[in-house]
Amino acid sequence: MLKACDLHKTYCQRSFLIKHDLVKAVDGVSLSVMPGQTFGLIGETGCGKSTLARLMVGLEHPDAGMVLIDESRLDRAKGRQLRDVRKKIQLVFQDPYLAMDSRITIWQIMKEPLDNFFQFSEQDEQDRVASFLIDVGLDTSVMKAYTHELSGGQRQRVALARSLTLLPKYLVLDEPLASLDVSVQAQILNLLVNLKERFELTYIFISHDLNAVQHLCDTIAVMFFGKIVEVLPRFELSRAVHPYTNMLLESLERREGQREDWLEQALAKGHEEAGQNHDETPGCSFAQYCSYADMYCSANIPALKQIKDGWQVACWKKL
Amino acid sequence: MVLALSKQQEPANDIRLEALLSISGLTVCFPTPRGLCRAVRDLDLQLASGTILALVGESGSGKSVTGKAILGLVEPPGYFASGEIAVAGESVLSKTPENLRLWRGVKAGIIFQDPASSFDQVFTIGAQMVEALTAHGVDVGSARRETLKWLDGVGFRDPERIISSYPFELSGGMRQRAYIAMVMSLRPSLIIADEPTTALDMLAQSRLLALLQQMRQTTSCSIILITHDLGLAAGIADEVLVMYAGQAVEHGEARNVLSQPAHPYTRALIGSVNWNNPRGGLATIPGQPPVLSDLPPGCAFAPRCSEAVALCKQEEPPDRLQTGAICRCHRPFI
Ligand SMILES: Nc1ncnc2c1ncn2[C@@H]1O[C@H](COP(=O)(O)OP(=O)(O)OP(=O)(O)O)[C@@H](O)[C@H]1O
Ligand SMILES: Nc1ncnc2c1ncn2[C@@H]1O[C@H](COP(=O)(O)OP(=O)(O)OP(=O)(O)O)[C@@H](O)[C@H]1O
Ligand code: SF4
Ligand code: SF4
Ligand SMILES: [Mg+2]
Ligand SMILES: [Mg+2]
């Protein structure tokens with residue numbers, strides 16, 4: 001089981017007017033992901049999804065809290081144990097360009113982690129790399145190319161294939177479909193479903209594409225300003241409880257409905273929506289956008305509470 | 001955050017009549033050890049002022065290369081093999097590199113696909129945005145005000161924080177919006193937006209679309225929106241151009257192309273937008289796109305096309321139908 005216990009990460013930024021700007025990127029997140037589960041994480045841009053992903057795989061250290069991977073603490077792991085843990089959990093970065101060395105070929109990029117974690121023969125490595133490249137819809141000739149020779153979507157798929165070749169028990173995917181056309185998206189989603197069944201992988205799937213999340217994930221967590229506000233089974237999504245979850249769902253419906261209507265609405269509605277605001281609020285951070293908010297909400301932070309099996313909500317009014 | 005865009009450069013009347021962007025016979029090649037990769041082949045395109053064109057197509061079909069080529073940007077050893085590009089009557093390819101640098105930004109701006117690599121990592125967002133404006137003769141004070149205004153315009157609640165942030169201190173979607181603000185602050189007559197919404201959630205997407213529309217209305221700029229999101233194309237574009245293996249395979253009014261596609265590839269692409277496939281998995285277009293350095297003879301889509309006949313594998317289809325519609329196919333749906 002993959003567990004996050006009360007994770008906190010605050011970034012300190014020098015600002016131009018105020019001396020120090022504190023950004024609570026991840027603010028007390030606890031979650032547990034069962035083996036074999038497909039855990040979706042949604043939330044607006046800048047709410048802390050990538051930061052949470054980096055904390056979960058140990059690329060960054062939390063200010064407080066800890067991550068448990070199959071009962072062993074990520075921050076305490078050393079030597080052999082650390083290697084074992086690293087092999088178990090992999091992150092596919094949101095920005096494949098930053099994560100890949102531009103001076104070496106795709107083959108070298110893909111071979112490196114295999115060398116690190118396994119003792120395959122060169123031939124086996126090649127077969128494995130080739131088969132995963134084909135699975136993500138690329139031609140094996142890309143092995144000889146450099147990253148800058150690939151298109152955005154091709155690069156994204158190389159990054160995905162690289163993590164998949166390791167068949168990690170837990171795979172954190174940060175916006176893995178972002179710049180792919182629908183047909184390739186569908187191919188990748190089918191591949192993920194297939195691999196999960198064959199190798200019993202566990203995914204944490206970060207995406208702003210609610211359609212894809214609904215298709216792939218059995219559990220969906222909704223994040224707002226560094227906090228998880230609702231965790232619910234996919235099939236309950238239409239009955240989501242938290243006002244913010246409902247706002248996200250509405251924005252999807254708006255897009256699915258009449259195009260022109262939707263655009264008009266977007267134009268008119270424009271700016272009353274949630275945005276970046278890291279002001280200290282003593283209570284529920286959604287209060288200023290919430291139509292159910294009252295004085296109690298603005299003064300007290302609601303904690304994530306279980307309302308049913310597998311369904312948790314952080315809201316005073318909806319419990 | 002309603003933006004009052006002043007009409008900074010009133011477009012001259014004659015430019016309104018003729019095409020703002022005119023591309024003919026554009027071919028861009030990249031020599032690679034695996035052979036010559038022809039990323040864009042024989043592309044023709046006329047775009048009027050104030051038009052929004054959506055450029056769609058499979059990953060690797062040449063959309064980004066086309067977008068960059070319009071600004072004269074092709075990374076060596078890549079080169080322009082043939083063709084002409086003119087923006088507002090000015091030939092792009094005959095400009096000197098120095099002229100091109102000055103011209104870029106004001107006349108035509110590009111929002112690159114990779115929000116991470118677009119910014120210089122060692123300067124703050126604010127420094128780079130102000131620099132972009134002052135390089136074009138705006139004084140520092142107004143540049144700073146403009147910068148704040150545009151950051152607000154793309155939906156930041158705290159532009160002050162963004163201005164003093166380094167690129168790595170922002171999330172993917174924040175970086176993307178900051179870059180969009182930087183490009184738009186120069187009010188170019190032609191905006192090329194390469195997948196500008198990939199890191200944006202639904203609300204930020206709708207806000208960006210609204211902003212693009214507003215921009216088009218007030219400055220009558222043209223926008224080329226490169227996107228994989230057909231819904232987005234349907235929502236905002238006047239025209240749609242579909243690319244396959246480096247070629248424009250279909251081009252026309254958005255409504256026509258998206259609701260009655262004539263080209264089998266466009267049809268297949270639209271067919272894969274179905275989240276409730278009764279057969280379980282999601283529909284994909286079978287087969288793989290061709291390797292650009294090793295194209296098959298005849299129609300490039302033939303190996304995957306359900307309509308293909310023997311002729312398709314022998315002879316390349318002409319670039320338009322007898323009706324004049326732009327569609328590269330021997331057996332279109334009409
Ligand atoms: N290295 C850093 N230094 C300072 N602030 C940071 C750093 N990394 C992230 N932040 C801040 O933390 C917040 C959350 O960022 P994060 O990248 O986790 O968001 P996200 O949910 O992944 O957004 P997106 O959907 O846009 O990718 C943002 O306000 C960002 O500016
Ligand atoms: N510098 C380069 N050297 C060699 N080949 C290149 C180079 N740049 C692009 N290509 C090739 O040209 C083709 C088109 O690339 P382009 O980036 O235009 O695709 P795209 O349509 O934007 O795809 P995506 O949707 O994935 O971004 C790709 O097959 C790519 O491998
Ligand atoms: S706690 Fe109050 S303000 Fe927060 S989401 Fe619930 S009702 Fe709205
Ligand atoms: S030319 Fe033939 S193979 Fe090509 S798209 Fe048309 S029908 Fe299909
Ligand atoms: Mg992110
Ligand atoms: Mg591209």
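Guide: Start with Lys9(A), Arg54(A), Glu60(A) and Asp63(A), which are linked in a network of salt bridges. A salt bridge here is a side-chain nitrogen of Lys or Arg within 4 Å of a carboxyl oxygen of Asp or Glu. This is a predicted model, in which local features need pLDDT of at least 70 and side-chain atom pairs pLDDT 80 or more, while totals for chains, interfaces and linings use all residues. Residues are numbered from 1 along each chain as written, chains are lettered from A and ligands numbered from 1 in the order written, and side-chain values use heavy atoms, without hydrogens and water.

Visitor: How many salt bridges over all chains?

Guide: The search of the whole structure finds 24. One of them joins the side chains of Lys9(A) and Glu60(A), at 3.8 Å from N to O. Lys9(A) is in strand β1 (residues 2-14) and Glu60(A) in the loop between α1 (49-56) and β4 (64-69) of chain A, so the pair ties together parts 51 residues apart in sequence. Helices (H or I, at least four residues) and strands (E, at least two) are DSSP runs, numbered from the N terminus.

Visitor: Are Lys9(A) and Glu60(A) buried or exposed?

Guide: Both Lys9(A) and Glu60(A) are buried. Buried means under 20% relative accessible area, exposed over 50%, and partly exposed in between (1.4 Å probe, protein chains only).

Visitor: Which residue does Glu75(B) pair with?

Guide: Glu75(B) forms a salt bridge with Lys68(B), with the closest N and O atoms 3.3 Å apart. Glu75(B) is partly exposed at 37% relative accessibility, and Lys68(B) is partly exposed at 24%.

Visitor: Switching to cysteines. How many disulfides over all chains?

Guide: The count is 0, with a disulfide taken as a pair of cysteine sulfur atoms within 2.5 Å.
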